[in-house]
Amino acid sequence: MAQVTPLPTSVGVAGSAIPEAPRLKNDPLHLQRSFLAHVSYTRAKGWKSATALDRFMAIAMAVRDRLTERWVATQRTYHEQDVKRVCYLSAEYLLGRALGNNLMALGLMDAARKALAELGVSLEDLLEVEPDAGLGNGGLGRLAACFLDSMATLGYPGLGYGIRYEFGIFTQDIISGHQVERADEWLKFGNPWEIVRPELSVPVRLYGRVEHGTRPDGSPVARWVDGKTVLGIPYDTPVAGYGTNTVNTLRLWQARASGEFDFRLFNAGDYERSVVEKNDSETISKVLYPNDNFQAGKELRLKQEYFFVACALADILRRFLKKPRDLRDLPRFVAIQLNDTHPAVAVPELLRLLVDEQGLPPETAWDITVKVMGYTNHTLLAEALEVWPVSLFERLLPRHLEIIYEINQRFLRTVQIKYPFDVARQQRMSFFEEGPDKKVRMANLAVVGSHSVNGVAALHTELLKRNVMPDFAEMYPGKFNNKTNGVTPRRWLLLCNPALAELVTSRIGPGWVTDLDQLRALEPLATDRDFAEQFRRVKLQNKKRLAAHVHEETGLQLDTSAIFDVQVKRLHEYKRQLLNALHVVWLWMRVRESATAVVHPQAFLFGAKAAPGYQLAKSTIRLINGIGEVVNADAGRTGIQVVFLPNYRVSLAERIIPAADVSEQISTAGKEASGTGNMKFALNGALTLGTLDGANIEIREAVGPENFFLFGLTADQVEATVANGYRPREVVRQDAELKAVLDLVASGFFSPEDPSAFRPLVDALLDEDRFLVLADFRAYVEAHSRVVHAYSKIEDWTRMAILNMARVGRFSSDRTIREYARDIWGIQPVDIQL
């Protein structure tokens, strides 16, 4: 009889031995076996009948199996060592695709490629099957994803909380030059990475009323009653650290009705009403941020924010109270980071849980709350600092409004004592904005309710203290600090630009992947002719790859010898895609007049989504496409091409960024908090054309002013220009070429089907020009001239590009997370042993 090898064991509750699952092997043969097993047993398919989706799901599950070993070990270690964890609350996570990232983190990319190739399957083809997890609008959500990657790679105990939107950021089609939105059905075919945990569901109350009474000891007590209850169902996604055993968790919450439907109504024949409550409840997690132009939109957005915050805090306290601990020790074991104002309702919610449900004195609860909370501000735009109508708060979250009134009263008393007779200061610092429609100021609430308030770039933090929240910065000088953003080099170089990553590793070794400062070792190679030639070869290879995608998507054949000048980011007036477009028109008009004006072919690439209700932004997209129609028809003579790439997303960025020669970072100085696209481009050897805004300032300082194309007014000059009565029509009157550009746009030349289509864009510039597009136009044109002449000396350009890459190590999200961990969260790395 054959001997059976016993399974490894661990000790059970009663001391008995419990078999453990055998470790999975990572060589191509065993990975292939896992893949085939999932095709058969998870997808229930024979090999010949298996579709591309089946095969993608099977390889993803095989990879998830290997992640799960580390995932279980990570959570067990955190529990056994009783470590302090950071809980990152973000309404957005722009994750992108997971398969390639997870293969890379586990060191399985080559093994998977070989295992599949032996079966006649291309790994690259399967990578393209996966939809982007687009649970964010732009930089805020992508930053959150980078942060989770860095926490896991560095071994920090971290847990992300957010919303499992059924529909993420919309899919963008371009039809007749116009943006058309379609629902993003990223979950249409299932998600192989997540595990649902219905046993950890959280009931969340909405609406209702508050009853006040007293406890047996005579202390007051408030009870939030009636209203409706929604269930939060957690879905866990593993977040793998690169080259480590750490696998942290992203827990996303889906809303579900507390009862499927009303059987009484159903049995009475009222089928429609029987499911109304179910549908209404589940709308909460249905779609990423709706347009909030209307009351229903505003109400849904506030519901979303409270829903995931309530679920997260209930989950945090559940885990904390699994052991016999004093709630006053919560700050020793938990740090909560609020990613912008969206989760700011966490302040009154934690107070409600501690006072109303746990019976702590209000003063004690407040002390705990402030010690636990940290707040990251991501904007300097007043309209982006969330405020909510008191009437909406009162109806939706009546107990929270009471709590906010109470802490506001106590806070303003401290302001009054510190600054007596300064009524204007009290009004500015109040949590409430007075007026016909009284509003709750969520940013003020977040600042006072947190022990730390950080900006995300040096200039941003300074302007935050000086212009946006000067009263708070004066009152709490030690509370404000800067944490300049960063990007993960794993996704934004190793994964998206493997040829360049391989070249770098061949010269300086692989250590840069987890210590980006090691790129400094590339500096001497900037003048190495062989390395420079290989660097240019990689760039051309990436440009050809992107050009093939552009041709497939749009039919346009890009000239890969052209300068690839790229602006890809969320479309907003302050990011000034319109300035870029106006320059293209100016350049085309100039080249049409004189062929000698062509110094080198240029391809201008745009990618951006405009919020569905943001008409000026959508008109800008239409203008860019209109310009492209005209300019591309004339490209043989002018050497100028324009392409707007539809449906900009993480996976598309991974194609575009490695191919870029020029990175357009041209926001109005003092308006961009940080920007992270600027970091990704520089890391991949693109040169920045930009203003002194956000992290541009620090990038220019790092790479050297001589390796950065600077233009435009500074933040102080912008303030002074506006304060002195900026007159955009006067700027145009003094610049005949600019006037000709605006006249051509306004005439309908780029929109013959609707000659007045761009009149509102031009009128907005002439009447107000909120973001000083016209004031910076001439400087922008001159900066572009410097770019083209620099590119004509390709050896010098290559040297500048290599130095950009070599000097941006400080912009790794690993550095940012270490600073958060040290200065705000007070957490330490934990070694995970399998």
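**View 1. Where α21 meets α22.** Ala499, Leu500, Leu503 and Arg507 of α21 touch Asp530, Phe531, Gln534, Phe535, Val538 and Gln541 of α22 (contact means heavy atoms within 4.5 Å; helices are DSSP runs of H or I with at least four residues, numbered from the N terminus). Sorted by class, this contact has six nonpolar, two polar and two charged residues (Ala, Val, Leu, Ile, Met, Phe, Trp, Tyr, Cys and Pro count as nonpolar, Asp, Glu, Lys and Arg as charged, and the others, Gly among them, as polar). The model is a predicted one: local features need pLDDT of at least 70, side-chain atom pairs count only at pLDDT 80 or more, and totals for chains, interfaces and linings use all residues. Residues are numbered from 1 along each chain as its sequence is written, and side-chain values use heavy atoms, with hydrogens and water left out.

**View 2. How the two helices lie.** The axes of α21 and α22 are 9 Å apart, at an angle of about 165 degrees (axes are lines fitted to C-alpha atoms over the stretch in contact, and angles run from 0 to 180 degrees between N-to-C directions). So α21 and α22 are roughly antiparallel, the label for angles over 145 degrees.

**View 3. The second largest pocket.** Its volume is about 1000 Å³ (the space filled by probe spheres set on grid points, joined across faces, edges and corners; a pocket is an open set of points on a 1 Å grid over the protein atoms alone where a 1.4 Å probe fits, with protein on both sides within 12 Å along at least five of seven lines, and lining residues have an atom within 4 Å of a point). Met109, Arg113, Leu494, Leu495 and Pro498 are the closest to its centre among the 33 lining residues. α21 gives the most to this lining, with five residues.

Note on methods
Angles under 35 degrees count as roughly parallel, over 145 as roughly antiparallel, 65 to 115 as roughly perpendicular and the rest as oblique.
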